[in-house]
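Please look at the model below.

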Amino acid sequence: MLSESQQSYLFPDPNGRYGQFGGRYVPETLMNALIQLEKDFLRLKADPSFQEELSYYLTQYSGRPTPLYYAERLTEALGGPKIYLKREDLNHTGAHKINNTIGQALLALRTGKKRIIAETGAGQHGVASATVAARFGLECTVFMGEEDMRRQALNVFRMRMLGAEVVPATSGTKTLKDATNEAIRHWVSHVEDTHYIIGSVVGPHPYPQIVREFQRIIGDETKQQMLAMEHRLPDAIVACVGGGSNAMGIFFPFVEDTEVELIGVEAAGRGVETEEHAASINKGRPGVLHGAKTMLLQDPYGQVTPAHSISAGLDYPGIGPEHAHFAEIGRARYVPVTDAEALDAFYLLSKLEGIIPALESAHAIAYVVKEASRMPKDTRVVICLSGRGDKDVEQVARMEGELSQ
Amino acid sequence: MNRIDQTFAGLNGEAALIPFVVAGDPDYGRSLDAIVAILEAGADMVEIGFPYSDPLADGPVIQAAALRSLQQGHQLPDCFRLIRDVRSKTEKPLIAFTYVNPVMQYGTERFFRDLAASGGDGVIIPDVPIEEAPELAQMASQYDISFIPLVAPTSGEERVRAISAQAHGFVYCVSSLGVTGERSSVASGVKSLVETVKRYTDLPACVGFGVSTPEHAAEIAAFADGVIVGSAYVRRIEQAQSEGDGSVAESVAEFTRQLKNACQRIRL
């Protein structure tokens, strides 16, 4: 059923809320910067010259529009719905992350900031940030968990090659959550001359809205391409969710098309029945992390608990507040997929379609693999292939080595 | 008038000394002894940091202290127990310093009820700006807990006015940009921040973040109503813990006497 809030979807509200979620739970030092950022963002969003410039770089620099590819052999093998892949892996730097970093770098330039900082988990957002910093002549510092730096050494080298400084986050679990803490702490000290490019639809308002806006190009293109190819909207859209930026990007333009089912795939790690997963919506409770109220993995007293996923990009104990809202109002549903299922899908797509997906995106594929037999043949499913798997090849090879020992 | 208001009213012109320590660091017993020693050595009130896994406003020294406390399993009920144990030995104000998520998970009303019942007098929640504060502040007031807000060098006059107007207890003036941690000098802008606060409220204005030495305290005491010292205490506790049982309390007591002396000297 179509509810009132979905017919005219107007979130975030003026307080930066998506229902009960979102908000700005940050030190006072950052408040004026966030208020100013919101004003600048809304002004530039409405500015045709900004949109033109953004569109130019998305086309000429990143290679958009990305194809909506009919995965014929995967479709045949699964014997279910017609499967389309939104090829975000074909973007410059290999993932959807650059949609947002181009947008935010232009935002930084137009607001007179000479310096950007970013957090990164697997390194994809860090690389996308370092890339635009190089292109636009901005100074760039990337915060990355010490543990992730070890796991993703190649991306660390890549960022340094692009001229960025990579700072290890040595606190807590030494992963994405802690890198984000360090980036926020650094921003508190340098708020006057530095723009913080958050990499997902997380963080205090207006970040979830800004990142949604710069990622919605994924869904806008998908809608146009689907109508051109199939003369109808898809029946379902499936995307992986860590913080949730590729999912929000492809979901958002369909939010009022309630006949389109939206499915976010959370990392179930070793299983949602274990303690090693990153399924914030399926296993978390409302709480505050990184400036927003959202669904959060935490102990009974509100200490944030470590997440686990085979994929560093999904290894995050929270989720974007708007996803928490979608789950609460039932506009999207969020389903778990384990490490093992994702790994199977990683191989399956590689072998059937000649496309090596990122381990993150493999979660979305795995869900469709599992469910295909239950979906009618005359339906069309779009999977957001958020990134390519080159970055994961070494990790998978190492794991296979372990398996064969 | 709760204990915080009474304490400021009784200061006779000198600046209040407000040390900060983390509950349960280095362990429950020694943190209790440290707080009692700090108050006996002349501190006017104390901020008790509730350990949290993701303390966004804190630098490495306080992060490490929170981690030490959490690793021993200290959670909200232990913090309330600590406040109750301190309260049995002193009538000085006790202020909880906590991030918002533990409050939310414990239940807002239950939090303030238990804080008040334990003998707490105030609360500082560094990740709750005024926009997110109304429900918390209202509940605090219901239990006679002073909801102490922060103002920052970046707040600007308009926000300072709005924040000061809603404050209880005192206004916490953040001395400089950045997280908690020791600094080599007192930021030059903090005096004018204090003056701005004082234009909009009669409540005391206290300065914290980066206050590390008796010299800093003396400098701040010349224009502010209170001096908040955190990381410098926590670092002393960290150093002293390896030197035997008695030394934690002795070390913080000695530091307190130096600081309190600095707070008094200028205003006399």
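This is a predicted model: local features need pLDDT of at least 70, side-chain atom pairs count only at pLDDT 80 or more; totals for chains, interfaces and linings use all residues.

Residues are numbered from 1 along each chain as its sequence is written, chains are lettered from A and ligands numbered from 1 in the order written, and side-chain values use heavy atoms, without hydrogens and water.

Helices here are DSSP runs of H or I, at least four residues, numbered from the N terminus. In chain A, the axes of H2 (residues 28-45) and H10 (residues 207-215) come within 10 Å and cross at roughly 25 degrees. Axes are lines fitted to C-alpha atoms over the stretch in contact, with angles from 0 to 180 degrees between N-to-C directions. H2(A) is therefore roughly parallel to H10(A) (angles under 35 degrees). Contact means heavy atoms within 4.5 Å. Among the contact residues are Leu34(A) and Phe41(A) of H2(A), and Ile210(A) and Phe214(A) of H10(A).

Now the rings. Over all chains there are 23 aromatic pairs (Phe, Tyr or six-membered Trp rings with centres within 6.5 Å). In one, Tyr9(A) and Phe11(A) have ring centres 5.2 Å apart and planes at 65 degrees, so the pair is edge-to-face (planes over 60 degrees apart).

Two residues differ in exposure class (buried is under 20% relative accessible area, exposed over 50%; 1.4 Å probe, protein chains only).

| Residue | Relative accessible area | Class |
|---|---|---|
| Tyr9(A) | 7% | buried |
| Glu250(B) | 56% | exposed |

Glu250(B) sits in helix H12 (residues 247-267) of chain B.

Technical notes. Helices (H or I, at least four residues) and strands (E, at least two) are DSSP runs, numbered from the N terminus. Angles under 35 degrees count as roughly parallel, over 145 as roughly antiparallel, 65 to 115 as roughly perpendicular and the rest as oblique. Rings of Phe, Tyr and Trp (its six-membered ring) pair if their centres lie within 6.5 Å; planes under 30 degrees apart count as stacked, over 60 as edge-to-face and the rest as tilted.
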